[in-house]
Amino acid sequence: MAKSWNFVFVLVWLSAILGAGIHLFSKGFLLTRIAQTDFSTCVRYEDIRCGTSSSSSISGDNGDEGSCKVESILRNVNQSAGICMPRKSKVILLVIDALRYDFGDFDPTLKDPLPYQNGLPVLEELRNRFPDRTRRLKFVADPPTTTLQRLKAMTTGSLPTFIDIGSNFASPEINEDNVVDQWKRHNLTTVFLGDSTWTELFPGRFGRKYDYPSFNIHDLDTVDSAIERHLPKEIGKSDWDVIVAHFLGVDHCGHRYGPLHGEMQRKLGEMNEVIRNVTEQMDDESTLVIIGDHGMTQTGDHGGESSDEVNALFFMYSKGTPLLSEEYDEYNKTIQQIDLVPLLSTLLGVPIPYSNLGQINFQLLPDAKVDSFLRYQLALLHLWQNARQIQNYFQQYAEANRGTFAVDQLDDLDNKFLMLTQRVNTVYTEAAFQSFSRDLRHYLKDILESCREIWVKFDAQLISHGLLVTFLCCFGIFMLIANSSAHRLAQIFNGTTIYYIVVLTFMAGTSGFFFHRDFGLTSAEHGALFFASVASVVILFAQIIQNWTNITENISQQKRSKNFITRISFAFTTCVFFSNSFIIQEQKILSYVLVGFFLLAIYNIQKNSYLKLSQLRWSTLAKSTFLKLVALALLGIVLVRLCAGYFRCREEQGNCTDYLVKAPDGRRRKAGPDLVPVVALVLYIVCARLYLRSCGNLTGNAVNVMLARYGPTVGAACACGHFVLARTNTKGINQHHLDALAWVVYALLLIQIAVLAVAPLLIYVLPKRKEVMSVLQNDRNVTPEIFHQLRNNFNSRSPSAAAASEEVPIVCGLATAYSSVFIGVGIFLTILLSLLLGSHGTTGLILSLVITICYGIISSILQYENSTNLLSCLQPSMTTLLSWIILMQFGFYATAHQPTMSQIDWNAAFVGRTWHYDNNNVISAILVLLNTFSVTFLLSTLFPLIIFTPFCVYTMWPSLAQKIYQKSGGKPKGPKSSRKTDAGNVEYRSVTVNKPDEEEEAADGESTSGGRKAIDFDVTKGEINLYENEKLFVGTVFKTGCQLLLIQGVRIFCAMFACTMHCRHLMVWKIFAPRFIYEGIGSYIAFIGLNLGFLLLLRVHAAVNALITRINKGR
């Protein structure tokens, strides 16, 4: 067992190297924008003395020298850009989360409006009554369209970067200049109500706050009801300057039900009443601003950059003062969300935040008189202040981050601004102002587009180091592990090697941590990871050199043409990452590859058979195992095709309708239950229990056996009940009753984990018996067979025979001792994942598992028929390993997921937590990850089943070991000489085992390094063969895990390399970067699953060893 734990360490070590490579690349490719900590300042207009500019000394005496101050400012507008003009109004800012632009449309001609249509009639009423005091515009967001990133943009005026989406679970405090901080610096009283994200972003900035947790998307009313309760009281007070209220009900309704559900109509109706009450209660000195932070798709999701997601609603109502004419903005009906920042700053008379890139919109400014300024003069001053702020920020950012922008580009922009600086003091007429405004806005737009194009500064060093570490690790695994025998691996990774790995990796990592600056590395983390990874790779290559003779010998014995089709398929699936169209249609590509593998299996079945189709008779075909295997392959193909109905669509796919849109009827208030996933899950659980019972693994009354016998039934009932009721229930059932169903599933999983640690084996040992029965596994009835054997035993009973029989123990389930544990764990994991996936993903999960089972049975039979010894029977083929990885990715799509930010299923974070949400972001993240990568985690954890499958198949159907393929009209061909196929004694009914002597194992290990001799084994003994060949068994499982690690490592390397190649591609942030992020997280999940699966295997092996030792001692 000591060498087995060496394997555990090596598997974790290799996973860590690949993980370090992915992390280094991510740090270089997904860098955030470098935040500037400077903040804007200004001189108050009231503090300026006549005849001075903004740089003059400040006097506390305002005086009434208005005309003189106006002349002084207009004499040199360029030098007067640092003046804060007087406050124009108080502001009530209502943020209605996910208020899509068309939610504000009102069409009285609609006879049967959709739930989201005509929901806000008060906006149309205000526009009709006060056309000069209202504005309704399209509020365009920059992706990613998640609430946290939108709030950052609407308060700082900056562009959020792609990787900021990762912090949506935990909102960090904003350290850039922003409007909220400017309000506080200028002693404005700010009141906040609603989404607690604001108070996490701006702690301690609000005079009064009523904040509530925001992440429980199942709660549509708590936050909104609290705002409605406190908002009228706050508006009625006179001490405030700004009121911010952030409503969440519309967004949560979209996430839970979608915009086509009746609940959306109710929530929009509530918002309509809130707006009406606010407009009636606010005074003439106030301005109401209503905005949506983003939109939502037709399924209620957001995060991407589709038109439905980026187009939100902006509505403004100035109660006491008319707004400037729309002519000043050339009747523009669209503004950017970052334009809100200069608007709020101008309304409240504070400086525009330092990092702002938004432009002021004149049509949104109240036409308030300031001394003797003309309208266009005041507008010119506001625009020039905005332009100087943007120019100053852009110039400082470019100087602090040299190389970010091209030199020619900077020179061109500087020249344009110099010319504008000369023109600003020559604007004396309205027409001159319009011309100057147009040119200045073009200049500011050029700066904004320059920042959009080159906002993320890629770190070439981190990117190259990540690629290098990942590639070298994959190459080392391929050369050393994939080309070494299972016995040789135990000699390679001995205690001495493990010692050197620990010492050298630790020393290298420590050196990199403390001396990273001397080597020009960006951070201590970078130095530690890179140095430790390089040391690990050096050790790998040292082992390759040391074992070069054996490696080259194994390579020379391989047939290059043997896996030609598999290699082509692998290359085809990895090429997906290099094409945006391939990524968009990846689910179809994976489907074609899986169908190809099934067709290849059919071809191999025909090729290895002795059948000639022209000689077949119908009577032979009816009993042909060959045709049964072909039918199983065809079933797999049909299921692959059926999974296409559960694929979700992404925006770029044209003629596509996904399951989530087709399932619910948007016009109904309550969607009917979907019984397909219920039936699929129940059938899966029933079949799995029948298999375990037929193998004898559910015999006895031990705690673990009782859990395996009844736990799945209870868990499946609770899981099905939960996602059916969660889909159909809105107000009928108390939420804690619904959560209780999920708690039962969670409790069963925790109990299962505890049982695995204490008593994992699903076996039953009869204490003693008088007679030994041998039951044939055939089509005959078992009960008469038992009766006949009892009668024969009674008639032939003798004292010596009775004494001998008492020495033979009966062990139920021993032949499937290993696989039964993994199947039991898989059942509980499937129930948990079904609970998290809900009704829309459970069917795809079950179909993916059935496809895996179909292919596993076929490949295991082919593997056994082509094997010459136990080693060749144990080691899975390259095709089998690749299909396992492809099934992980295929399952991702089959469970209704897509690699886009807008289609993350956040509902999983609240399964069992809606009644009392604990705000634990770690638990939320784990649940969402399990939902998203359910099949990846399940198959990676159960990967030892690849080794067990041949023994499971032949234990259930021992007659297959005699002959798989039969000639037409001929006699069955005898078994291979290297196999014992006594099908008359099924070993899981009665078996006695003794572990081989250590000397025999050593001799067997020596023979492996050279030409391995054939190992005689009886496949119908089941998994006892594995125990009797411990070194070969554990080594093969370790090698299989490393090969899966290698295939996944190659996939993530290709994704990284594709992102590097396409880093300036038009679709890099929309397609390539999300695909890399999903593949990277999926790789981490797969690495964790592989290590957990191997640890579970060693725990089961230790339990089997203890069991057989106890049995032999008892004899």
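Helix axes are lines fitted to C-alpha atoms, for helices over the stretch in contact, and the angles between them run from 0 to 180 degrees between N-to-C directions. The structure described here is a predicted model, in which local features need pLDDT of at least 70 and side-chain atom pairs count only at pLDDT 80 or more, while totals for chains, interfaces and linings use all residues. Residues are numbered from 1 along each chain as its sequence is written, and side-chain values use heavy atoms, with hydrogens and water left out.

**The chain as a whole**

The protein chain has 41 helices and 12 strands, where helices (H or I, at least four residues) and strands (E, at least two) are DSSP runs numbered from the N terminus. Of its 1115 residues, 59% are buried; with a 1.4 Å probe and protein chains only, buried means under 20% relative accessible area, exposed means over 50%, and partly exposed lies in between. Among contacts (heavy atoms within 4.5 Å) between residues at least 6 apart in sequence, 81% join residues at least 24 apart.

**Two helices in contact**

Helix α37 (residues 945–956) packs against helix α40 (residues 1030–1061) at an angle of about 130°, and their axes are 10 Å apart. That makes α37 oblique to α40, since angles under 35 degrees count as roughly parallel, over 145 as roughly antiparallel, 65 to 115 as roughly perpendicular and the rest as oblique. From α37, Ile 946, Ile 947 and Phe 948 meet Phe 1033, Thr 1036, Val 1037, Thr 1040 and Leu 1044 of α40. The residues of this contact divide into six nonpolar, two polar and no charged, where Ala, Val, Leu, Ile, Met, Phe, Trp, Tyr, Cys and Pro count as nonpolar, Asp, Glu, Lys and Arg as charged, and the others, Gly among them, as polar.

**Aromatic rings**

The structure holds 44 aromatic pairs. Rings of Phe, Tyr and Trp (its six-membered ring) pair if their centres lie within 6.5 Å, and planes under 30 degrees apart count as stacked, over 60 as edge-to-face and the rest as tilted. Two of these pairs are set out below.

| Pair | Centre to centre | Angle between planes | Class |
|---|---|---|---|
| Phe 25 and Phe 29 | 5.6 Å | 20° | stacked |
| Phe 530 and Phe 531 | 6.4 Å | 70° | edge-to-face |

Phe 25 and Phe 29 both belong to helix α1 (residues 2–29), where they stand four residues apart, about one turn of the helix. Phe 25 is buried at a relative accessible area of 0%, and Phe 29 is likewise buried at 0%. Phe 530 and Phe 531 are buried too. Elsewhere, ring pairs link Phe 471, Phe 475, Phe 541, Phe 578, Phe 1053 and Phe 1057 into a cluster.

A charge sits over a ring if NZ of Lys or CZ of Arg is within 6 Å of the ring centre and within 35 degrees of the ring normal. The charged end of Lys 90 is placed in this way over the ring of Trp 240, 4.2 Å from its centre, and Arg 136 lies over the face of Tyr 101, 4.6 Å from the ring centre.

**Two residues with positive phi**

Most residues other than glycine have a negative phi. Tyr 331, however, has a positive phi of about 55° although it is not a glycine; Tyr 331 lies in the loop between β9 (311–318) and β10 (334–336) and is exposed, with a relative accessible area of 52%. Ala 896, with a positive phi near 65°, is found in the loop between α34 (878–894) and α35 (921–932), but Ala 896 is buried, at 4% relative accessibility.
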